[in-house]
Amino acid sequence: MKPNDFHSWIDSVRTLCRPDAVHVCDGSRAEFDRIAAEMVRAGKLTALRQRPRSFWCQSDPEDVARVEEDTYICSIHPDDAGPTNQWKDPEEMRTVMHRLFSGCMQGRTMYIIPYCMGPVRSEHSQLGVEITDSPYVVLNMHLMTRMGPEVLARCEQEPFVRGLHSVGVPLQPGQPDPAWPCNPKHRHIVHFPETREIWSFGSGYGGNALLGKKCHALRIASAVARDEGWLAEHMLILGITNPAGKKKYIAAAFPSACGKTNLAMLQPSVPGWKIECVGDDIAWMHVGADGQLWAINPEAGYFGVAPGTSMQTNPNAMKTLTHDAIFTNTALTQDGDIWWDGLPPQPLKIASCHPNSRFTVSAKQCPIYDSAAENPQGVPISAILFGGRRNTTIPLVMESFSWAHGVFYGASLSSETTAAAKGELGKLRHDPFAMLPFCGYHMGDYFDHWLWMGQKLVKPPRIYAVNWFRKSADGKYLWPGFGENIRVLEWVFEPTNAQKTAVGNVPQHFDSALTNIDHAEWMHEIEELERYFALFGNKFPKELSAELQALKARLMVY
Ligand code: OXD
Ligand code: MN
């Protein structure tokens, strides 16, 4: 992109959207405070009496989750979007979007948000500019990304991902603004991977609207990563130090609302072990000069699921949230604090708590924030975990035999659905690499890209599958999870005393109900996987078909 495109793009968007005013964000604290105060005055935010500089708000009930059915990948060729994405012809979609955005910001301020995903001085970071008519988005982007004069200056000179967002509710003079403007009937979350553009219309919530997160750092970045030879993943990154003081880094992929934030901030129940948090949702991973896999967290904050977060399940998140936080769709108490399921009972509630209610907060407030998260080169990853919510079949933990076998674990990932996306709850759905809603290109090519990455790595991380959610025949969870998960990480740190099984190496020191391999369940799993993988046609890599055949053969023997 040519220098100065920043200004000419803003001018063209202003002409298209016809806002009343334009504000270029400087990312300062004063700017945050001013916009928050304006929103409080307008009745759109409630200042919390119990938490300094913290706010509560409630979205429209039609706008509470990511909307996968309104999300599009508009690559030039449909085959580049693949069977797991909704594809639309880019030219047709541009016509639709131009019509929707035409005059859509009337009566509103257009905010220009220059942001950086990743440490500002890192060669692995990416610039983005989100143009939005939502002050709520501006406040969230302040917490979730790196902003400021240096980023703004670079956006004037260097290429950046262009994100255009509108709540889709223009205002005629004198027309009152709803508390949470949105336009669900015309909602479109659109990605143009080739031109690195995002156009999002009609929703003001989370991943639909905070374009740095899922739209940029996963969908667009995954397509960039394929082209440039790295990985953009839906993974937390944690540092783990053993009692002898040796530190390693682990990356872990779980579908939305499966406890990534809790694992990333784990408070170990075993003395002597220490966990530090690099990131709770997204990892960008590169092959370093040393042939190891290095990861940065492109985000600067957490947009975490509130219900279930408590001093018992995640004390570090609770400490992170004592000030400077935004709470969306949690309950509000009469004494001016927030509440959600899992917190001590609170009888006097105003508004109910949505299962996908969220907190937004800067990562730096986390008491176990790992200062290595600011390293421009990132942190070296020695293990990768894939986990889902599975009542049966998948053991507490198993280790793959090779990189390709580990890629097979990732491709095989499935999980019971949660409230993070609109749709039915608790249904088992395939979610390869926890990237089903976030992969910006053909999932078959993505599997292939993972296999290719393995060849580039001199010392590839070991790959594991984990499952905290196995249940007994009478429907009770077999594993306590949370702080006890350190026992699983301890084994991942040093996988001693392993037993080889048909599906992978499994530790011997856990109760067999947690780790046994049920052949009938696995034969069923294989049938299901064969059906699912057929979706990818000739783009399904031969190496993964070979892994499936090898697994079948091993199940006959063991
Ligand atoms: C998230 C999600 O918000 O995965 O992180 O839905
Ligand atoms: Mn996520």
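This is a predicted model: local features need pLDDT of at least 70, side-chain atom pairs count only at pLDDT 80 or more; totals for chains, interfaces and linings use all residues.
Residues are numbered from 1 along each chain as its sequence is written, chains are lettered from A and ligands numbered from 1 in the order in which they are written, and side-chain values use heavy atoms, with hydrogens and water left out.

Back to the helices. Helix 14 covers residues 519–533, and helix 15 covers residues 542–557. Helices are DSSP runs of H or I with at least four residues, strands are runs of E with at least two, and both are numbered from the N terminus. The two axes come within 11 Å and cross at roughly 165 degrees. That makes helix 14 roughly antiparallel to helix 15, a label for angles over 145 degrees. Axes are lines fitted to C-alpha atoms over the stretch in contact, and angles run from 0 to 180 degrees between N-to-C directions.

One open sheet has 5 strands in the order 2-3-17-21-16, with mixed pairing. Strands pair if DSSP finds at least two bridges between them. Which strands stand at the edges? Strand 2 (46–47) and strand 16 (301–305) do; each has a single partner, so one side of each lacks a neighbour in the sheet. Strand 16 pairs with strand 21 (residues 358–362) in the antiparallel sense, over 5 bridges. There, Y302 has V361 of strand 21 as its bridge partner.

Another open sheet has 3 strands, in the order 19-18-20, and its pairing is antiparallel. Strand 19 (338–339) and strand 20 (349–350) are at its edges, so each has one side without a neighbour in the sheet. Strand 18 (residues 331–333) is joined to strand 20 by 2 bridges. T333 is partnered by K349 in strand 20.

Last, the largest pocket. Its space is about 860 Å³. How many residues line it? The lining has 43, and A257, C258, G259, V305 and R389 are the closest to the centre. Helix 8 gives the most, with 4 residues. Strand 16 and strand 21 turn up again here, each supplying at least two lining residues.

Note on methods:
On a 1 Å grid over the protein atoms alone, a cavity is a set of points where a 1.4 Å probe fits but cannot get out, and a pocket is an open set with protein on both sides within 12 Å along at least five of seven lines; lining residues have an atom within 4 Å of a point. Grid points are joined across faces, edges and corners, and a volume is the space filled by probe spheres set on the points. Angles under 35 degrees count as roughly parallel, over 145 as roughly antiparallel, 65 to 115 as roughly perpendicular and the rest as oblique.
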